Amino acid sequence: METETEQRAVANADIIALSEVWYLMQDIVSLEKRREWQRERMSSMAQHLSGMPGGGAPAGLDTAFAEVSELEERHRMMVERYCKMLSRAEAIINGIENTNMQTFVRMMYLDNVPAREVRMRLNMTRRTFERARKAVEQAPNMASVKWRDHFFLKK
């Protein structure tokens with residue numbers, strides 16, 4: 001049985017593009033936390049300085065301003081890259097004809113939802129889940145995945 005974190009070889013290059021979106025989003029969240037910490041540090045320094053008599057600003061404040069500026073620039077570039085990647089991911093997902101498969105792919109490869117939770121939320125048996133995952137991962141791209149729904153309309 002395969003574990004949640006086991007690495008799998010896939011033929012579908014779109015899966016890599018979708019997973020990169022999630023990881024970049026995590027990097028942006030981490031950078032935003034560092035940026036907030038740096039702003040709080042600067043605010044604390046400014047409050048401390050306002051109570052000090054005479055004298056110039058300590059070198060620490062200059063360093064803090066420089067770091068915030070650098071963080072702001074890195075954040076801007078990462079968000080720009082994230083927006084481009086997200087647009088590509090949306091195009092990949094919108095290229096999937098079947099809406100059920102779109103949901104499955106979004107949860108598994110874009111939102112990084114654990115396999116067990118995907119199965120539970122989508123009410124899939126283990127066999128159906130494995131068949132869907134294999135279909136996605138062995139296809140050359142998302143647009144070529146063949147999805148078999150449980151129901152079809154009799155003619």
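**Close-ups from a predicted model**

H75 is buried, with a relative accessible area of 12%. That puts it under the 20% cut-off used for calling a residue buried. This and the views below come from a predicted model.

View A. H75 sits in helix 2, which covers residues 59-94. If you set aside its neighbours within four places in sequence, H75 is in contact with I28, L31, E32 and R35. One of these partners, R35, gets its own view next.

View B. Look for R35 in helix 1, residues 13-50. Is R35 buried or exposed? It's buried, at a relative accessible area of 13%, so R35 also falls under the 20% cut-off. Again leaving out neighbours within four places in sequence, R35 is in contact with L71, E72 and H75. H75 belongs to helix 2 and R35 to helix 1, so their contact links those two helices.

**View C. Helix 3 crossing helix 5.** Here helix 3 (residues 99-110) packs against helix 5 (residues 126-138) at an angle of about 80°. Their axes are 11 Å apart. Angles of 65 to 115 degrees count as roughly perpendicular, and the two helices are therefore roughly perpendicular to each other. Helix 3 brings M101, F104, V105, M108 and Y109 to the contact, while helix 5 brings F129, A132, R133, V136 and E137. What sort of residues make up the contact of helix 3 with helix 5? They split into 8 nonpolar and 2 charged, with no polar ones.

**View D. N112, a loop residue with positive phi.** N112 lies in the loop between helix 3 and helix 4, the latter being residues 115-121. Check the backbone here: phi of N112 is near 60°, a positive value, and the residue is not a glycine. N112 is partly exposed, with a relative accessible area of 36%.

**View E. N123, in the loop between helix 4 and helix 5.** What is the phi of N123? It's about 55°, so another positive value in a residue that is not a glycine. You'll find N123 in the loop between helix 4 and helix 5. N123 is exposed, with a relative accessible area of 68%; the cut-off for exposed is over 50%.

How values were computed
Residues are numbered from 1 along each chain as its sequence is written. This is a predicted model: local features need pLDDT of at least 70, side-chain atom pairs count only at pLDDT 80 or more; totals for chains, interfaces and linings use all residues. Side-chain values use heavy atoms; hydrogens and water are left out. Axes are lines fitted to C-alpha atoms, for helices over the stretch in contact, and angles run from 0 to 180 degrees between N-to-C directions. Helices (H or I, at least four residues) and strands (E, at least two) are DSSP runs, numbered from the N terminus. Angles under 35 degrees count as roughly parallel, over 145 as roughly antiparallel, 65 to 115 as roughly perpendicular and the rest as oblique. Contact means heavy atoms within 4.5 Å. Ala, Val, Leu, Ile, Met, Phe, Trp, Tyr, Cys and Pro count as nonpolar, Asp, Glu, Lys and Arg as charged, and the others, Gly among them, as polar. Buried means under 20% relative accessible area, exposed over 50%, partly exposed in between (1.4 Å probe, protein chains only).
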